[in-house]
Every structure is written in structure tokens, then in C-alpha cells.
Amino acid sequence: MYPAPFRYHRPGSLAAAVGLLSELGEGAKPLAGGQSLIPLLKLRLDEPSDLVDIARLPGLHFMQNDDGNMSFGALCTHARIGQSELAKTVPILGDCANGIADPQVRARGTIGGSVSSADPSCDWPTLLHTLDAEIVCHGKDGSRTVPIREFIKDSYTTVLDGAELVTEIRFRAPPANSGGAYIGFKKSAPAYPTASAGIQLTLADGNVCQEVRLALGAVGPRPVTSDEAEGLLRGKTLTEELLKQAAEAIVEASDPPADSRGSADFKRAILRSLFMKAAHRAMERAGGTQILGRHEYV
Ligand SMILES: Cc1cc2nc3c(=O)[nH]c(=O)nc-3n(C[C@H](O)[C@H](O)[C@H](O)COP(=O)(O)OP(=O)(O)OC[C@H]3O[C@@H](n4cnc5c(N)ncnc54)[C@H](O)[C@@H]3O)c2cc1C
């Protein structure tokens, strides 16, 4: 199906883009990589009056590591992030970026578009919870920084007002002896994950867990986190039994929708398995082992 008619704008600067969005009002939408928005338009699930193309805006394609303060410009594509030095330093980033869809989608889709869409099946919002990332939002009155845990309010809903743009995603580099892993369960490469699990932890001698962040994806309106599950692991020697208890606690906090990808019980079983695999991979990486990340496929 063809999209409904819309007006197309390509502003030359960030200030012009937010000015235009503010002026055009509710019917206008930013267009970044188009990998979520264009399919919605073609299905006529969204019919904006105006598209403000931000894909070529200068200054939003950077990646930097400034003494452990890491950040991505909103227009970094999944492909560039997956191949970046930052992903080599923090392997969980590569797990996420390189596992999204196929090379075509990864070449155009952006991290800013992924978090702004707040699609419960998108990988970045879940992954960024494990890094306690912050989202920089820019509107006509200036910028504000919002923790990812507050940025996503509900499925497909963020704190952005219609005329604000996400400009940057930032987080602190994990300290020494840290490791993380993010694993999705997918029907095929171009399919969104049925469920996913991410773990980022820091270990002391004897596998004692100093710090940990856990998140599950595609199994609720927002990424699922659990203070209880993290509390079970923090400060303790990580044993198989303890990891299983934490898996139970966070899976209990999820609310997987029954759909064409599987029943709720099926998804809970998948989550337990993904959690354990991600935990083992994260622990190995924390110990210095180089492991290539990989999703699980049907
Ligand atoms: C076949 C297929 C398979 C896919 N599989 C996966 C998958 O497995 N995992 C996954 O995570 N994703 C998947 N995706 C989605 C893909 O990752 C998208 O690239 C991403 O979700 C959106 O990024 P975008 O740059 O394309 O955003 P767009 O499609 O351009 O925009 C998405 C939404 O965000 C808004 N927006 C975009 N940028 C900004 C900004 N900077 N500030 C404010 N609002 C903004 C737009 O107005 C729109 O509402 C898939 C897509 C396709 C087509």
C-alpha cells in the first residue's frame, strides 16, 4: 500500500528541525532511518501531515569515549555502532547492534529512532537499561537529559513532546572486571525478537557480584527490570542456584503477550533460558574471555 500523502521537509540544522516541528504541530513527525516509520506509513497505521527528515542533520552522527563518558549521536546507525571501537570496549553494544534485523535495516536504522519509537520489541531500549543510559532530548527551549528508565513511559510512548528530538545517548563505561551480554530469541534474522535478556555485571575475586543490571525485552509494554532480582545477586558469590533464583524473580516481573510468536508460558521458558545464557556469557567476558555475541534462532 502507498502511504497517505504528506509534506516533506529537510531542514539544514538541529535548530531549524525543532523550530519546524514546533511550528507544524501535532501532525508532523521526524524521519530518521525510516525503518520503523516507513512500514507504519505504508500500512497506513500512521498518517502524519508532515515528515521532517533529520537523517542528514549535521552533528548527530558522532561516537565518543571521553575518559569513560561514552556517547552516541542519535543518528548513528546500528551498523556503525556494531563495527565501532565502543562496541569492542563494551561488547554488549555489539551483541545488540549486530543482531538487529538484516544488513539493509542496520545500514539505515538509527539508535535515536529505536529509542524514540519505544517499540517494546526494539532491542536498544532494553539494552540501554543495562547500561543505565541517559537520553539527551533537544527542543526549542534547549536540552534536557532523561534516564532511560524514565524516558520510556509505555509501549510506543516516551517523555518527548512532539517538537523535541533525541540528540544523544550517553552512559558511563563499565569499570574493570565487567562483562555484559544481550541475547534475543528470534524466528529469523529480519524478525524482531520474541524475547530478549540483557545482563551487565562487575565481578570481584571469587565471582562476587559487585554491581549488576538486568533487563528483559519484548515481554511487556516497557523493558522489564527487577530490583529484587538484582538485589539477589549484588554482593553475593554467583552460583548456578543464585542465578536461577534471579532468573525466576525477573521473569516473574515480566508480562509476555501471547501472540503469533508464542504463548506467555512459552516466552517465560525462553526468558529463563536466555537469562542463564546471558549470565554465563557476561561472567566469562568479565573474566576477560573474548566471546562473539549471537542471538538464538528457532
Ligand atoms: C524488517 C525489519 C526488521 C526489524 N527488526 C528489528 C529488530 O530485530 N530489532 C530492533 O531493535 N529493531 C528492528 N527493526 C527496527 C529498526 O531497528 C529501526 O531502525 C529502528 O527501530 C528505528 O530507527 P529509524 O532510524 O529507522 O527510525 P524511524 O523509522 O525514522 O523513526 C521511528 C520513530 O522515531 C521517531 N524518531 C526518529 N528519530 C528520532 C529522534 N532522533 N528524535 C525523536 N524522534 C525520532 C520517528 O518520528 C518515528 O516515530 C526492524 C525493522 C524492519 C523494517
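## Ground rules

A cavity here is a set of points on a 1 Å grid over the protein atoms alone where a 1.4 Å probe fits but cannot get out, while a pocket is an open set with protein on both sides within 12 Å along at least five of seven lines; lining residues have an atom within 4 Å of a point. Grid points are joined across faces, edges and corners, and a volume is the space filled by probe spheres set on the points.

This is a predicted model, in which local features need pLDDT of at least 70 and side-chain atom pairs count only at pLDDT 80 or more, whereas totals for chains, interfaces and linings use all residues. Residues are numbered from 1 along each chain as its sequence is written, and side-chain values use heavy atoms, with hydrogens and water left out.

## The cavity

The structure holds one cavity of 30 Å³ or more. The largest cavity has a volume of about 40 Å³, and its lining includes Cys122, Ile152 and Arg222.

## The largest pocket

At about 1,300 Å³, the largest pocket is lined by 49 residues, with Ser36, Leu37, Gly113, Ser116 and Ser117 nearest its centre. H7 gives the largest share of this lining, five residues; helices (H or I, at least four residues) and strands (E, at least two) are DSSP runs, numbered from the N terminus.

## The second largest pocket

The second largest pocket has a volume of about 630 Å³. Its lining counts 37 residues, and Ala87, Pro91, Ile92, Arg285 and Ile291 lie nearest the centre. Helix H4 (85-89), helix H5 (91-97) and strand S11 (178-186) each give two or more residues to that lining.
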